Amino acid sequence: SIYEMFGNECCLSTGEVIKVIGFKINKLIASICENNEVSRFSAKVELPLNFPGLYKVVADKTPYVSIEEITRKVSIGPTRFGQPCFYSPEDIKLANFTIKRGEQITFTSVEQVNGTMAVNCVMVRNNQTHSFTLPLSQEGKFYECEDDQIYTLKEIAEWKIPKCRNRIVKLSNTLHMWDSSNPLPENFDGSLILMPVYEVQAVMKFRKDIVHILSDLDVEVKDVTDCYDISSFLQPLSLEDVFERTSMEFPMVAEIMEGPSGSQNPYNLLSTGKEIIIYKKYQAARVLASEIRSDSPKRHFLIPMSYRGKFKRRPRELPTAYDLEIARSKKEQLHVVATKAFASPHKEFFSVSVGDQFLVQQRQTSEILYEGRKKLVDVLACEQILSDTYKKALLPMYLEGGFVEVIHDKKQYHLSEICKEFRLPFNVKVSVRDLSIEEDVLAAVPGLQFEEEITDSYLLISSATNPVESWEIPVYRLNMLVHLLSRHVQGVVPPVTKTTVEEISEEQYYMVRRYENQTLHPPPRPPKKPT
């Protein structure tokens with residue numbers, strides 16, 4: 001049988017032994033959904049996994065009849081995606097614990113407990129977390145819980161489509177301009193039914209790359225697992241697999257079986273067949289930055305703390321008095337100019353005109369007369385700058401006006417200094433580019449907003465044949481498969497690490513912010529007008 005896949009002709013000869021290493025969704029067939037059914041007027045369209053947009057998963061209305069069925073059909077794993085949630089419409093009585101009907105159960109992992117396969121679960125009740133196990137033999141009705149997270153199509157394909165089931169998703173954010181090549185209707189913001197098309201991932205005895213075989217290929221095969229030495233095949237590992245290895249196993253030498261796409265260093269050096277040294281795994285800090293521009297799309301970057309360029313401050317736009325309070329710091333007094341007028345409904349508060357300048361002082365409370373009653377209201381104490389004097393001004397925290405920061409600071413800062421001395425978000429422009437980078441992409445950007453400092457997982461690598469410099473590669477944003485070589489490299493010292501500013505896509509930007517903000521409390525809402 002001869003077939004072509006991704007432009008490569010592959011021959012499956014009679015008697016060839018293939019080791020199947022996985023099943024993967026290759027693409028999705030989408031139909032417009034109405035009332036949880038395929039629309040009568042909807043044509044089926046083919047969506048690649050990199051089709052842009054962010055989507056919400058609609059909970060499946062069909063229940064699972066046992067824990068065993070859930071583990072067989074739903075992806076459960078150590079990553080943040082592999083934590084599905086279910087509820088039972090009936091109470092479940094365990095040995096020392098009762099799960100009440102409707103309570104959300106999070107499945108975290110599957111393991112053997114006292115000789116019986118079981119699912120490790122957690123549940124939150126009255127702000128207390130309870131951990132317990134459910135045996136795979138547990139029967140009942142188990143329904144998916146609603147999921148308020150947003151996902152890319154690729155994430156949904158990898159983690160959120162149960163085997164033998166379709167998935168309904170609702171478009172949350174298109175993240176791109178519609179054009180004639182888009183298979184979905186213009187301005188579409190509804191729901192889609194996704195039907196997966198699978199491919200088989202396999203390795204062959206005398207090939208070092210991964211073979212991708214569509215599941216509908218007409219070829220007869222026989223299972224010879226029990227009578228064949230499978231250790232003679234290569235074992236492909238993803239970067240996540242490598243990262244899960246213990247720190248004692250590093251450094252290691254690996255050969256790339258499937259390299260990433262992209263022309264940016266070091267991705268263009270990571271081609272299939274190249275040998276690399278993986279020195280260590282670790283968590284590293286990055287500053288998430290976005291291009292300052294009024295139109296879209298904006299460019300987004302992850303900047304390492306090793307970046308050697310310098311920055312000058314740029315004015316921040318602050319839409320409300322509440323934002324003024326957040327932006328002020330102990331290091332210096334915040335000086336702003338009003339860009340929008342505000343007429344105060346109370347004589348105790350200052351009415352703002354366009355062009356008024358203020359020095360922001362502190363937050364406090366003030367008493368006002370509202371409908372004949374005295375009320376305490378949060379205000380921002382400021383000083384209005386006049387030609388030869390200052391005038392006290394109280395701005396209500398609910399003021400929705402517009403202000404632009406006035407910058408007096410002409411100093412040039414390193415990235416680490418900004419993170420240490422100022423609160424993010426913070427606006428800057430590159431004043432001195434990083435000369436250690438061949439092409440500093442930040443230098444060409446007219447303005448940047450540093451949004452937040454994040455922590456991410458990285459592997460430190462270099463070329464095995466010419467290790468003159470090392471690179472940090474992101475574990476969760478780089479699709480790449482390697483197999484480990486037995487060569488001994490203990491005690492090898494990594495060469496100097498090359499600074500890399502990583503430009504990320506709009507989808508990756510939303511993902512990074514989503515992961516980081518899961519551990520943070522949401523910011524308090526701006527105060528409302530007194531009622």
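**Exercise 1. Classify Arg245 by its relative accessibility, and examine its salt bridge with Glu249.**

Solution. Arg245 has a relative accessibility of 26% and therefore counts as partly exposed; the class lies between buried (under 20% relative accessible area) and exposed (over 50%), computed with a 1.4 Å probe on protein chains only. Glu249, at 32%, is likewise partly exposed. The two side chains meet in a salt bridge with an N to O distance of 3.2 Å, the criterion being a side-chain nitrogen of Lys or Arg within 4 Å of a carboxyl oxygen of Asp or Glu.

The model is predicted: local features need pLDDT of at least 70, side-chain atom pairs count only at pLDDT 80 or more, and totals for chains, interfaces and linings use all residues. Residues are numbered from 1 along each chain as its sequence is written, and side-chain values use heavy atoms, with hydrogens and water left out.

**Exercise 2. Describe the surroundings of Pro162.**

Solution. First, Pro162 is located in the loop between helix 2 (153–160) and strand 15 (167–173). Next, its relative accessibility is 3%, so Pro162 counts as buried. Leaving aside neighbours within four places in sequence, its contacts (heavy atoms within 4.5 Å) are Tyr64, Lys73, Val74, Arg167 and Tyr198.

**Exercise 3. Identify the pairing partners of strand 3.**

Solution. Strands pair if DSSP finds at least two bridges between them. Strand 3 (residues 18–34) pairs with strand 16 (residues 191–204) in the antiparallel sense over 14 bridges; Lys19 has Val203 as its bridge partner there. Strand 3 also runs antiparallel to strand 5 (residues 45–47), to which three bridges join it. In strand 5, Val45 is the bridge partner of Ala30.

**Exercise 4. State the exposure of Lys374 and Glu367, and the distance between their closest N and O atoms.**

Solution. Lys374 is exposed at 63% relative accessibility, whereas Glu367 is partly exposed at 45%. Their salt bridge has its closest N and O atoms 3.9 Å apart.

Technical notes. Helix = DSSP H or I, 4+ residues; strand = E, 2+ residues; numbered from the N terminus.
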